[in-house]
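Please look at the sequence and structure first.

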Amino acid sequence: MTTIFTEIHNLQKPPVYKYFVGNQWLPSASDKHIEIHSPIDNSIVGIVPSVTKEEAESAVESAKNAQKGWEEMLVHERVEIIHKAAALIKENADILRDLIILEIGKPFGEAEEEALRTVDLIDYYAEEGRRLVGDVWDSSAFPGYKKSKIAIARKVPLGVVLCIPPFNYPVNEGAPKIVGALVSGNSVVLKPSTQGAISSLHMVELFRQAGLPPGVLNCVTGKGEDVGDFLITHHLIDAINMTGSYETAEYITKKAGVKKLLFGLSGKDASIVIADADLDLASDEIAKGSFSYGGQRCTGIKRVLVEEKVHDEFVDKLKKVVSKKYKLGDPRIKENTLGPVIDDKTAIYIKELLDDALGLGAKIVLGGRFDGRYLEATILTNISKRMKIAWEEPFGPILPVIKVKDWQEAVLVSNESEYGLQSSVFTRNIDTAWAVANALEAGSVQINGKDARGPDHFPFTGFKHSGLGMVQGAKYLIGEMTRYKTVVMNIKP
Ligand code: G3H
């Protein structure tokens, strides 16, 4: 335990964490807590408060009270504080990395990348915040009007933003939500995913140490079913920015009332391999796209649609790359590039998907052995549309490869999904690449590269059940965190 984080818990083993309101770390008054167990070995990583409604209320009120002052602060002063937070995250990246590994089982290299990528993300968002400008309109452009009115439409903050990041990127999905809101003058209530909460609490402490005024950022922990309804329906919450499942988004939409909603949701991303593709490149990229963090990424490639002419050759190459690259084991050990899935429920679900597919004739090309939460990287072929694995999102290391006649069929199968997050197409023909990219119903299409959200200034959104609004891309997310306020100057003739 390092000294820089002594305020956020009770210094015991395992540490009992506090919640964060008005720049103070407060112990749970009700003594209601949740144990966070590591998916690696079930050991207790720490214990977090299950906040009461009164504690959640204090977080929302604190954010509300702080927001105006924060909005009125000079932009460059806000930007400096945010840069300071990035610098502190950089200094403490190894601590965050180790926590991410322990708390969510992310492999060493990827956990390190998450921490360091967040530093660059925050710095970039801070700079983008400087460039938040509105529009000027002249009435003489509209029929029937003279040069008599000038409208100045400024981008102003929404107010209090409730940020709900997912378990799989507790730091890197939390950071853009926090910084996108803060840099444009909003205040924040952060409700981290329960698994991942400890990594989030450490990041929050670094924001405090960077010098955020009290109440600008608050953080409460607890299960969605206990504190979620209270927060999403709260009349002082102006916007909700959540990454998670479509079901949760649908629930929030029905419950929240009139609030701005931003959602980054699930996907069943298809990667399409055309017969003329560079199959070495395709197999390498698709391996990374499917099996990094054991397939537990919203943008993970969750099915491959490959033209029949090159199916066998591609599968052979993919099998070789995956078996070489993905070594299953304790993710604290650098050499292990595939750790456990997040919980038993996920492991059981993936096993059911596998059994369903095998029962309907799928073949295992690689992997297929499961030991508790530790699942081998698994590739399946002989996939038919009747199988659940063709449509459902496993969020684990299992990849169905589907044979198609041509790219038109691939596009049809891809678009049949209820999701539309990302897709990718591998081909040497620019015309085919364009035709496929154009026809796919997805927020982004990668040409000759794996599906991925980053770099973190690129626009990122999901179509259909995969999202609502621009959930990332510095300029876009900051824009979503504002609304226009128009002042019209009526000019005397
Ligand atoms: O899990 C959802 C993330 O937004 C995916 O991000 O493409 O950087 O892994 P990534």
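Serine 184 is in contact with Arg78, Leu132, Pro157, Ile478, Met481 and Thr482, leaving aside its neighbours within four places in sequence. The model is a predicted one. Serine 184 belongs to the loop between α5 (174-183) and β8 (187-190). Because its relative accessible area is 3%, under the 20% cut-off, serine 184 counts as buried. Its side chain has these polar partners:

| Partner of the serine 184 side chain | Part of the partner | Distance |
|---|---|---|
| Asparagine 186 | side chain | 3.2 Å |

Nonpolar side chains tend to be buried together in soluble globular proteins. In this model the largest nonpolar core has 73 residues, and Ile122 and Phe207 are those with the most contacts inside it. Helix α4 (residues 108-130) gives the most to this core, namely eight residues. Not counting residues up to four places away in sequence, isoleucine 122 touches Ile82, Ala86, Ile89, Ala175, Val179 and Phe207. Another core, of 27 residues, lies apart from it; Val160, Ile164, Ile237 and Leu261 are among its members.

Some nonpolar residues are found on the surface. Val136, Ile152, Val487, Met489 and Ile491 form a nonpolar patch there, and together they have about 420 Å² of accessible area. One of these, valine 136, lies in strand β5 (residues 135-138). Valine 136 counts as exposed because its relative accessibility is 61%, over the 50% cut-off.

Technical notes: Residues numbered from 1 in each chain as written. Predicted model: local features only at pLDDT ≥ 70, side-chain atom pairs only at ≥ 80, totals over all residues. Heavy atoms only, no water. Patch = residues over 30% accessible without salt bridge, like charges linked within 9 Å, V, L, I, M, F, W, Y side chains within 5 Å. Areas by Shrake-Rupley, 256 points an atom, 1.4 Å probe, with all protein chains shown as cover. Salt bridge = Lys/Arg side-chain N within 4 Å of Asp/Glu carboxyl O. Helix = DSSP H or I, 4+ residues; strand = E, 2+ residues; numbered from the N terminus. Buried < 20%, exposed > 50% of the residue type's maximum accessible area, 1.4 Å probe, protein only. Core = buried A, V, L, I, M, F, W, Y, C linked by side-chain atoms within 4.5 Å. Contact = heavy atoms within 4.5 Å. Polar contact = N/O pair within 3.5 Å; in protein donor to acceptor, adjacent residues only side chain to side chain.
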